[in-house]
Amino acid sequence: MGRSRAVLVAACSLLVAVACPVVAGAADGPGPVCGHQPAAYEQPPSGAVTVDPAVDGDLAAKTAAHPAGTTFWLRPGTHTLGKDEFGQVVPKDGDVYLGAPGAVVDGRGINRAAFTQRARNVEIRGLTVRGFAALQDQGVVNHDSGDGWLIENTTIEDNAGAGLMAGAGQVVRHSCLRNNGQYGLNAYQEGDGITGLVLEGNEITGNNTGDWEAKVPGCGCSGGAKFWAVNGADIRGNWVHGNHGAGLWADTNNNDFLVEDNLFEANDAEALFYETSYNLVLRGNTFRRNTLVQGRVFAARGDNFPAATVYLSESGGDPRVRARTSAVDISGNTFEDNWAGITLWENADRFCNSPANTSTGYCTKVAAKSSCTAGTIEKAPAYDDCRWKTQRVEIHGNTFRFDAGRVGCTSLCGRMAVLSNFGTFPDWSPYKGTVIEEAITFRQANRWHDNSYSGPWTFVAHDTSKTVDAAGWKAKPYSQDQCSSFTGGPAGC
């Protein structure tokens, strides 16, 4: 029994409201979920309230009329929530919603959200939820980020905004998050209280159909899934592919992420973007043909910044931030014909209270905002603590395969990087000049070793002007990728 399958069976054994259906394919690793949901709940469980698709608003009305902890069974057919944009279902604590095969909750482009408010421990299984008109950064299912929700064997597709929001302890398993206008999942909760998030065995595909980065340039508001200030996430055995932007994007004070055994494939931009965040284990994943769209855009405009398939931006390990690791550990992954590899970046001008910090109002997890000001930031401990640092990153035991012909590129591709920029502002910054370029490259314990490479890889170090070949990367002053193979063979000294 594979690891993902074992975890799934163990988790299902704890659910008492209804029996878990068999999850097809979980033992075989990431694969199709959309269009491959198991047929379940063909008959209502004993005591369940039956919901009639022929009665507009029946689901909302019966939810309102019954006590907390009720199980609702939705008959096959299309269920609607009225012609008011605020037509919605407001669950109570412990409510369970089961969809018979063919049960669809359809917003018809009218209703903004499907399941709302802050009930705890709501369960949704076997439904298709589509056609809702959520606004920017708002979601359709679990609109208000209630805690403890379980979303299983459910399809959430063709909605505006985010298909799904998240709360603490939320589990999303064997579900299809497809073709939503902004995100498949937006893991944001007011007050930054999301802990213990689990995404397992899902298909996350085709999201950001609204092309939000073009609508709102610089918004950082698109992708398959976005995570904001999540403390503890297990992301395991998912197929993340074909998203119009990043596949998974963890942005601002996320911590303690385990990302393992996923397949990242053909996402337009980064497969994984880990930004101003902490303590990550990234292992056993396959990355295939990601970042091709973004990479070609960069190359066409002559932008020499190393576009990445795994992009760590001001993110690293910190033992003071409690997690299962005190590092960023990237190991046992396979990279096949992506535009590029891994980029470690730190913006010299981005720190707590700097105008270059686009996470407005946020500070690092280890500093007080009041200490990150002129007159104090240049002194210890503020000098170190006011920065989100790309540090303690270990990249080892990975396989990097790159064929420029198959990727279809002639320049600015097939690169690995560790770099920063020349610090320039604000005028009270103590990080001007080459301070951060030197730190990220030589003094922050960022290390590649024991990897296997095939193809014409090059390496960007210190700043965008410095590109070296494998021999230069291994030699002083960089001394990277010791005991690695650059001929496609196994690593080792």
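Student: Which residue, with a positive phi, follows H7?

Tutor: This is a predicted model, in which local features need pLDDT of at least 70 and side-chain atom pairs count only at pLDDT 80 or more, while totals for chains, interfaces and linings use all residues. Residues are numbered from 1 along each chain as its sequence is written, and side-chain values use heavy atoms, with hydrogens and water left out. Helices (H or I, at least four residues) and strands (E, at least two) are DSSP runs numbered from the N terminus. The phi of the residue after H7 is positive, near 60 degrees, and that residue is Ala445.

Student: Which strands do the buried residues of H7 pack against?

Tutor: Helix H7 covers residues 435-443 and runs at about 130 degrees to S32; axes are lines fitted to C-alpha atoms, for helices over the stretch in contact (heavy atoms within 4.5 Å), and angles run from 0 to 180 degrees between N-to-C directions. Its buried residues (under 20% relative accessible area; exposed is over 50%, partly exposed in between; 1.4 Å probe, protein chains only) are Ile436, Glu437, Ala439, Ile440 and Thr441. They pack against S29, S32 and S35.

Student: In what order do the 11 strands of the open sheet stand?

Tutor: Two strands pair if DSSP finds at least two bridges between them, and the pairing in this sheet is mixed. Strands S8 (139-141) and S36 (467-468) have a single partner strand each, so one side of each is left without a neighbour in the sheet. The order is S8-S11-S14-S17-S20-S23-S26-S29-S32-S35-S36.

Student: What is the bridge partner of Leu312 in S29?

Tutor: In strand S26 (residues 310-313), Val310 and Leu312 point one way, Tyr311 and Ser313 the other, and all are buried. S26 pairs in the parallel sense over four bridges with S23 (residues 272-275), where Tyr274 stands opposite Leu312. S26 also pairs with S29 in the parallel sense over four bridges. In S29 the bridge partner of Leu312 is Leu344.

Student: How far apart are the N and O atoms in the salt bridge of Arg178 and Glu157?

Tutor: A salt bridge is a side-chain nitrogen of Lys or Arg within 4 Å of a carboxyl oxygen of Asp or Glu, and the whole structure has 30. Arg178, in strand S13, and Glu157, in strand S10, are 21 residues apart in the chain. Arg178 is partly exposed at 26% relative accessible area, whereas Glu157 is buried at 6%. The N to O distance is 2.6 Å.
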